[in-house]
Every structure is written in C-alpha cells, then in structure tokens.
Amino acid sequence: MKKKNTLLAMVLVTSMVLASCGSNEANDTNDKASTNVESTESLSKDNSMDSNSSDANSSNLDESKDQSLSPEDAEDLFVEKYPNAKIKSIEFEEISGVYKFEAYDNGEEFEASINKDTKELNEGKREKDNEDNDEKSLDSVSLKDATISVEDAINKAIEASNNSDAKLDSWSLSYDDDTQKLFYDIELNTGNDDNDFEIDATDGTVVND
C-alpha cells in the first residue's frame, strides 16, 4: 500500500513539474512575441519620424525658394521705403541677385539696392538732381505699367538670340527719352559674347537685337 502511495505521489510531482515547465515555455514565447511586436512598432515609428523629417526639410527648401523677392515684390518694398520717390529705372543683375533702383526724391537723385534673398535694402549716396526737365516729366517707372512681364521679355530676347542656351546677365526697365515708351533692356550671355535686346514693355516687340 505504501508503495502505491509513493508511486502515486511521484506521478503527481512529475505532472506538476511538467506543467510548470510548459507554463514557463509559454510565458517565454509570449514575452518574445511581445518584444518582437514592440520592436516592429518602434522601428515603424522611427521610419515615420525620418520620413516626416525628410518631408519637412524638403518643404523648408521649397519655402526658402519661394521666399526670394520677385521683381514686383522688390518694387513694392522700395515704394514702401520711399513713397514720394519717382523711379527712373529698375534693374536686376543675375550674378549678384540684386535689384537696383535709380530714383529722384526731394530734389536729389539716388540709387538703392535690394537683395532678392535677404531682402536687405541699401541706399547709395544722394546727389543733387541735375537731370533735365524732360526726363523728370516722365512717369515713375513701374512694373505694373508693363503689359509684358519680366519673364516674358526675357523669353522673347532668348528667342530673338536664336540660342536656346543663352543665359540672363541682367534686365532693366525704363522709359525711352524720345518716344516716352516703357522698354525692357535684356542682356544675355550667349556663350561667345553678351547681346542686348530692347523689348517694348507694352506689346513685346523686339525693337533691336
């Protein structure tokens, strides 16, 4: 009888040990699965953050480009600074990225420059106005009075140059003293030399090349 009880006890102990081992293995499996899920979620979050960061950097670059001053914005900035000035000419140099304004103000002639990227405005030395009355009687130069945009004028000059690889050096807008009409002067670098093209700002006619 004692042997049977002893045998029964051993069987019960063995069953409990096996059950305990099975439970531990199940727990280990569950822990590993949980760890794998957490690692996958963490990696997914990191990738998402990297993607968002890349998108944000790309967006910032695009915004930086968009923040460059257009010719019209540069004129508005000049007029805001000098509301009573009469603009004689507006010029832009591609290599420096600077707009230049030649103007009259309070009996003086002066130049001012505006950087298209920094929007910094600098005024040059003022001198006594010695221009003749005919030139001073002309209207203040404004891009708003030009039917043809700067971009269209440049494209017309490139077309007239018969060189699709021609690059812009500079452009300016001013009134012709004789005809009192508004003209663009477009200077292009065609590789071998520089060519000037005069474009009627009202109808886009290439006056000379």
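**Salt bridges and buried residues in a predicted model**

Thr190 lies in the loop between strand 7 (182-189) and strand 8 (194-200). Strands are DSSP runs of E, at least two residues long, and helices are runs of H or I, at least four residues long, numbered from the N terminus. The structure is a predicted model: local features need pLDDT of at least 70, side-chain atom pairs count only at pLDDT 80 or more, and totals for chains, interfaces and linings use all residues. Residues are numbered from 1 along each chain as its sequence is written, and side-chain values use heavy atoms, with hydrogens and water left out.

Thr190 is buried, at 15% relative accessible area. Buried means under 20% relative accessible area, exposed over 50%, and partly exposed in between (1.4 Å probe, protein chains only). Contacts of Thr190 (heavy atoms within 4.5 Å) were computed without residues up to four places away in sequence. They are Ser161, Asn163, Ala166 and Asn195.

Phe92 is found in strand 1. Phe92 is buried too, with a relative accessible area of 6%. Leaving out residues up to four places away in sequence, Phe92 touches Gly97, Val98, Tyr99, Lys116, Asp169, Ser170 and Trp171. Phe92 and Asp169 are 77 residues apart in sequence. Their C-alpha atoms are 8.7 Å apart in space.

Side chains of opposite charge can pair when their charged atoms come close. The structure holds 8 salt bridges, each a side-chain nitrogen of Lys or Arg within 4 Å of a carboxyl oxygen of Asp or Glu. One of them joins Glu102 and Lys88, with the closest N and O atoms 3.3 Å apart. This pair links distant parts of the chain. Glu102 is in strand 2 (residues 98-105) and Lys88 in strand 1 (residues 86-93), 14 residues apart.

Lys88 also forms a salt bridge with Glu109, at 3.8 Å from N to O. Glu109 lies in strand 3 (residues 108-115) and Lys88 in strand 1, so the pair ties together parts that are 21 residues apart in sequence. Glu109 counts as buried, at 16% relative accessibility.

A further salt bridge pairs Arg126 with Glu123, the closest N and O atoms being 2.6 Å apart. Arg126 is partly exposed, at 25% relative accessibility. Glu123 is partly exposed, at 39%. Through shared partners, salt bridges join Asp105, Glu108, Glu123 and Arg126 into one network.
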